[in-house]
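Open the structure in your viewer and keep the selection tool at hand. Each stop below names something to select, then says what is there.

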Amino acid sequence: MKALVFEEPRHAVIAERDAPAIGPEDVLVRSHAVGICHSDFELYEGRYIIPVSYPIVPGHEWSGEVVEVGGAVQGLTVGDRVVVECVVGPGGRDHFGFSIDGANAEYFRARGEWLHRLPDGLSYAVGALVEPFSVAYAATRAVGGVDPSDAVAVIGAGPIGLLTVLALSATNAVVTLVEPQEHRRAKGLQLGARAALDPTADDFSEAVAEVTGGRGFDAVVEAAGAPAAMAAALELAGHEARIAFVGIAIGAPTTADLGLIQSKALRIRGLIGSAGLWPQTIRFLAGGAVDPTAIVTARFALGDALEALDAARDTTSNIKVHIETAA
C-alpha cells in the first residue's frame with residue numbers, strides 16, 4: 001500500500017508498505033480523506049509538542065471506513081464510516097498521527113475505543129474536518145455562553161480561526177475576524193463574520209472601537225499561534241472579557257502587557273486539543289447549521305502527497321488542503 005512517511009525531520013517520501021496487522025482490540029481502516037494541519041509541519045520539522053520518533057506516518061484529521069475488526073472490539077462493524085480523536089492512550093500520552101502512525105496511508109490501524117461513527121448525512125470530506133472543527137467548537141465553549149449580545153474577536157484566519165468564525169456564527173454573536181491577509185478576511189466574511197479587520201492598518205484601533213462601541217471585545221479567541229497576536233488578545237479584550245488561547249506557539253517569547261489581566265479582570269483559558277468534545281462536535285455538524293468544507297481550497301491524491309504538502313505551505317493561496325487517500 002502507499003503511505004506518506006516522514007522518514008526523519010525534513011524528509012518526506014511516498015513509500016510502499018505492507019498493510020498493518022491488527023490485534024484483538026484494533027480495527028483496520030481504509031483511509032478516505034486526510035487534512036494537512038500546521039501541526040503536521042511541526043512534526044515534519046522535528047519540533048512537535050510531545051516526544052516523537054521517526055519514521056512516522058502523519059495524518060490526524062481524517063475520515064475512513066472500517067474494513068476489519070479485532071475480536072475484542074465492540075460496537076463497530078465492517079463498513080462503518082469513522083473518525084478518530086487525536087489525543088489518545090492512557091492519560092492522553094499519545095497523539096494519533098504524531099507519536100503513532102496516522103492516516104496518510106491507504107490502510108492504517110487504530111484501537112476501536114478511539115473511534116467515533118460518522119453519521120450517514122456527513123461526507124468523508126466533512127469527517128476529515130471533525131478534528132479541526134472540534135478545536136474551534138472547544139474554543140467557542142471556552143469563552144463561555146456566547147450569545148447575540150457579545151462582540152467576539154477571532155484573531156487569525158487559518159483553518160482553526162475560520163472554523164471558529166463558522167462555529168460562532170451559529171450563536172448569532174457579533175463576530176469580528178482580525179487577520180492581515182485580504183483573501184482570508186474575505187473568506188471569514190463568507191463564513192459569517194460581521195466584520196474583518198486588518199491589524200496592520202493605520203486605523204485598526206479606531207475600527208475596533210467602532211465595532212465594539214468603544215468597550216473592547218466581550219470575548220477573544222486567539223487562533224493565530226503567533227506571539228504578537230497572543231499579546232494583542234489582552235489589548236483587544238474589554239473589561240471582564242473572556243479569552244481563549246487555541247493557537248499553538250512553541251518556544252517563541254514576546255512582550256505582553258500582563259497588567260491588563262488584572263486591570264481588566266480578564267478570564268483566560270489555554271486549550272490543547274478537544275478531548276471529550278467529539279460526540280458533541282459530530283452532533284453539531286450533523287445538525288446541518290454550518291458547512292466546514294468551505295475552507296478546503298485544494299485536494300490531492302495520496303500519490304501526490306508531496307505536492308499537497310507544498311500546496312499547504314502556500315498560505316497565500318490555500319487555507320486547508322485535503323489528501324483524498326481513497327481516490
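**Stop one: a pocket.** Select Pro-20, Ile-100, Asp-101, Phe-108 and Arg-109. Of the 18 residues that line the second largest pocket, these lie nearest its centre. This is a predicted model. The volume of this pocket comes to about 290 Å³. Now colour its lining by residue type. There are 11 nonpolar residues, six charged and one polar. Which strand gives the most to the lining? Select residues 107-111: this is strand β8, and five of the lining residues come from β8.

**Stop two: Ile-22.** Move to Ile-22, in the loop between β2 (11-16) and β3 (26-35). Show its neighbours. Leaving aside residues up to four places away in sequence, Ile-22 touches Val-27, Leu-28, Glu-68, Val-69, Gly-70 and Arg-109. Arg-109 is also one of the residues nearest the pocket centre. Next, draw a line from Ile-22 to Val-78, C-alpha to C-alpha. The two are 56 residues apart in sequence and 14 Å apart in space.

**Stop three: the open sheet.** Select six strands in this order: β12-β11-β10-β13-β14-β15. They form an open sheet with parallel pairing. Look at the edges, where β12 (195-197) and β15 (267-270) stand. Each has a single partner strand, so one side of each is left without a neighbour in the sheet. On average, neighbouring strands here are turned by 20 degrees against each other, direction ignored.

Zoom in on β13 (residues 217-222) and β14 (residues 237-245). They run parallel, joined by five bridges.

**Stop four: two helices.** Select α3 (residues 130-142) and α9 (residues 278-286). Their axes are 9 Å apart, and the helices pack at an angle of about 100 degrees. That makes α3 roughly perpendicular to α9. Now show the side chains at this contact. From α3 come Val-130, Glu-131, Phe-133, Ser-134, Tyr-137 and Arg-141. They meet Trp-278, Gln-280, Thr-281, Ile-282, Phe-284 and Leu-285 in α9. Colour the contact by type: seven residues are nonpolar, three polar and two charged.

Methods. Residues are numbered from 1 along each chain as its sequence is written. This is a predicted model: local features need pLDDT of at least 70, side-chain atom pairs count only at pLDDT 80 or more; totals for chains, interfaces and linings use all residues. Side-chain values use heavy atoms; hydrogens and water are left out. Axes are lines fitted to C-alpha atoms, for helices over the stretch in contact, and angles run from 0 to 180 degrees between N-to-C directions. Helices (H or I, at least four residues) and strands (E, at least two) are DSSP runs, numbered from the N terminus. Angles under 35 degrees count as roughly parallel, over 145 as roughly antiparallel, 65 to 115 as roughly perpendicular and the rest as oblique. Contact means heavy atoms within 4.5 Å. Ala, Val, Leu, Ile, Met, Phe, Trp, Tyr, Cys and Pro count as nonpolar, Asp, Glu, Lys and Arg as charged, and the others, Gly among them, as polar. On a 1 Å grid over the protein atoms alone, a cavity is a set of points where a 1.4 Å probe fits but cannot get out, and a pocket is an open set with protein on both sides within 12 Å along at least five of seven lines; lining residues have an atom within 4 Å of a point. Grid points are joined across faces, edges and corners, and a volume is the space filled by probe spheres set on the points. Two strands pair if DSSP finds at least two bridges between them.
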